[in-house]
Amino acid sequence: MERIRVGIIGNGWRTGFYLRVIDALPDIFELTGMLFRNSEKASRFAQERPDKAFTDLDKFLAQNPDDVILCVRGAALATILSQAVSCA
């Protein structure tokens with residue numbers, strides 16, 4: 001069975017739950033990357049998971065995730081969705 005390739009947008013407290021599930025089930029899930037607004041947070045994450053931290057939506061989507069999990073506040077959701085639509 002092919003693993004489900006998952007990308008995550010956002011890095012708040014909810015993200016930790018999804019990362020634990022992905023890490024606990026490596027035969028089922030593969031993390032393609034996480035999208036950050038803050039480049040410092042992205043750099044710290046990249047130290048743990050090289051090539052998985054992104055600050056650019058196009059580069060994040062270029063990893064071809066099967067599913068994308070949105071872990072952002074409602075105020076940021078409209079901005080992210082409008083950027084994603086323009087990428088499609």
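Q: Let's start with W13. Is it buried or exposed?
A: Keep in mind that this is a predicted model. W13 has 62% relative accessibility, so it counts as exposed, the cut-off for that being over 50%.

Q: And what about F17, buried, exposed or in between?
A: F17 comes out at 46% relative accessibility, so it counts as partly exposed.

Q: Where do W13 and F17 sit?
A: Both are in helix α1, 4 residues apart, which is about one turn of the helix.

Q: What about aromatic pairs, how many are there?
A: The count is 3. In one of them, the ring centres of W13 and F17 are 5.9 Å apart and the planes are at 85°, so that pair is edge-to-face.

Q: What kind of pair do F54 and F60 form?
A: An edge-to-face one, with 6.3 Å from centre to centre and 70° between the planes. Both F54 and F60 are buried.

Q: OK, switching to the inside. Which residues make up the largest nonpolar core?
A: There are 11 of them: V6, I8, L19, I22, L31, M34, F36, A42, F45, I69 and C71. At least two residues of this core come from each of β1 (4-9), α1 (13-24), β2 (29-35) and α2 (39-48).

Q: What does L31 touch?
A: Leaving out residues up to four places away in sequence, L31 touches V6, I8, L19, I22, F45, R49 and K52. There's also another core, lying apart from the largest one, with 5 residues including I9, L35, F54 and L57.

Q: Which residues are linked with E30 in a network?
A: R3 and R5, through salt bridges. The side chains of R5 and E30 meet at 3.0 Å, N to O. Since R5 lies in strand β1 and E30 in strand β2, that pair ties together parts 25 residues apart in sequence.

Q: And which residue does R49 bridge to?
A: To D23, at 2.6 Å from N to O. R49 is in the loop between α2 and β3 (53-54) and D23 is in helix α1, so parts 26 residues apart in sequence get tied together.

Q: Is D23 buried, exposed or in between?
A: In between: D23 has 42% relative accessibility, so it counts as partly exposed.

Definitions and conventions. Residues numbered from 1 in each chain as written. Predicted model: local features only at pLDDT ≥ 70, side-chain atom pairs only at ≥ 80, totals over all residues. Heavy atoms only, no water. Core = buried A, V, L, I, M, F, W, Y, C linked by side-chain atoms within 4.5 Å. Buried < 20%, exposed > 50% of the residue type's maximum accessible area, 1.4 Å probe, protein only. Contact = heavy atoms within 4.5 Å. Salt bridge = Lys/Arg side-chain N within 4 Å of Asp/Glu carboxyl O. Phe/Tyr/Trp six-rings, centres within 6.5 Å; stacked < 30°, edge-to-face > 60°.
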